[in-house]
Amino acid sequence: MNVKERGLLIVLSGPSGVGKGTVRKALFSQPDIQLQYSISVTTRKPREGEVDGVDYFFKTREQFEQMIRQNELLEWAEYVGNYYGTPIEYVEKTLQEGKDVFLEIEVQGAMQVRKVFPEALFIFLAPPSLSELRKRIEMRGTESEELIRDRLKAAKEELEMMDAYDYVVENDQVELACERIKAIVTAEHCRRERVAQRYKKMLEVE
Ligand SMILES: Nc1ncnc2c1ncn2[C@@H]1O[C@H](COP(=O)(O)OP(=O)(O)OP(=O)(O)O)[C@@H](O)[C@H]1O
Ligand SMILES: Nc1nc2c(ncn2[C@@H]2O[C@H](COP(=O)(O)O)[C@@H](O)[C@H]2O)c(=O)[nH]1
């Protein structure tokens, strides 16, 4: 299978509370979207309403560390006291089938993915402002005061990494952020198609 036939790997990062999950769910609810979501593994406790195997695969630290040792993760990171990681088997299999895979992960993990899949598309979701970010994470009401403080501290470091991404999308309004991401993905598909056509023509000439 050549590079063109493989699916596209899309990585969405951004600080906690910016709206990654909200935007991803809105994106996936659109009928013209053909993306496969890679469910992550975490040692974080489930939030109310979160379902194992849907939102995350919830594991103990021992189970997670075993997955690391057995090279079952494409990337992993310790973020604000918990492990998070991407099972590699699902990503590889789905890309091989020619389907696009969508990862929603924090920045340390995204930088690891870049080393393995430099051809992936890296999108950073940015808040309109730090005060709006704080408001969103507080309004969500899923974290304690202390954890909100830790996540906001991590957010400042994450925001410094946005230049390392191919695109920065502002999440001022969910619908607009979705449209921007869709336009970026469509443009990337067109670019890959043009490269593949050029390569094909080159081979025909030889
Ligand atoms: N464009 C937006 N305008 C206003 N509120 C928003 C917007 N996008 C998301 N939110 C709200 O912000 C809160 C955080 O959103 P969400 O949980 O999707 O963030 P996240 O980036 O996935 O966070 P985490 O990384 O902590 O999982 C939610 O209450 C959500 O409804
Ligand atoms: N490096 C990875 N980061 C991940 C993964 N799955 C989710 N995340 C990110 O962790 C933080 C916190 O998530 P939360 O659900 O506890 O709010 C957030 O930035 C997620 O995007 C992963 O597999 N690898």
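Me: Okay, a residue counts as buried if 20 or more other C-beta atoms lie within 10 Å of its own, exposed if 12 or fewer, and partly exposed in between. So is Val80 buried, exposed or partly exposed?

Reply: Val80 has 16 other C-beta atoms within 10 Å, so it is partly exposed. Keep in mind that this is a predicted model.

Me: Got it. Where is Val80 found?

Reply: Look at the loop between S5 and S6. The backbone there is worth a glance too: phi of Val80 is near 45°, a positive value in a residue other than glycine.

Me: What about Asn71, what is its phi?

Reply: Asn71 has a positive phi of about 55°, although it is not a glycine. You'll find Asn71 in the loop between H2 and S5.

Me: And is Asn71 buried or exposed?

Reply: Asn71 is exposed, because 8 other C-beta atoms lie within 10 Å of its own.

Me: Who does S1 pair with, and over how many bridges?

Reply: S1 and S7 run parallel and are joined by 4 bridges; Ile10 has Phe102 of S7 as its bridge partner.

Me: How many residues of S1 are buried?

Reply: 5 of its 5 residues are buried, and S1 is described as mostly covered. Leu9, Val11 and Ser13 point one way from S1, while Ile10 and Leu12 point the other way.

Me: Further along, what links S8 and S9?

Reply: S8 and S9 pair in the parallel sense over 4 bridges. To spot the pairing on screen, find Phe124 and its bridge partner Val168 in S9.

Me: What is the order of strands in the sheet with 4 strands?

Reply: That open sheet runs S4-S3-S6-S5, and its pairing is mixed. Strand S4 (57-58) and S5 stand at the edges with a single partner strand each, so one side of each has no neighbour in the sheet. Strand S3 (residues 41-42) and S4 run parallel, joined by 2 bridges, and Thr42 stands opposite Phe58 in S4.

Me: New topic: H4. Which of its residues are buried?

Reply: In helix H4 (residues 107-116), the buried ones are Val107, Gly109, Ala110 and Val113. They cover an arc of only 150° around the axis, which puts them on the same side of H4.

Me: What do those buried residues pack against?

Reply: Several elements, including strand S1 (9-13), strand S7 (100-104), strand S8 (121-126) and helix H6 (145-159).

Me: On to the ligands! Which residues are closest to ligand 1?

Reply: 14 residues surround ligand 1, and the closest are Ser16, Gly19, Gly21, Thr22 and Arg136. Helix H1 (20-28) and helix H5 (130-140) each supply at least two residues of that shell. By class, the shell has 3 nonpolar, 8 polar and 3 charged residues.

Me: Which ones come nearest to ligand 2?

Reply: Ser40, Tyr84, Ile105, Glu106 and Gly109 come nearest, out of 15 residues around ligand 2. The elements giving two or more residues to this shell are S5, S6 and H4. Its make-up is 4 nonpolar, 6 polar and 5 charged residues.

How values were computed. Residues numbered from 1 in each chain as written. Chains lettered and ligands numbered in written order. Predicted model: local features only at pLDDT ≥ 70, side-chain atom pairs only at ≥ 80, totals over all residues. Arc of directions from axis to C-beta. Contact = placed C-beta atoms within 7 Å. Near = placed C-beta within 6 Å. Nonpolar A, V, L, I, M, F, W, Y, C, P; charged D, E, K, R; others polar. Pairing = 2+ DSSP bridges.
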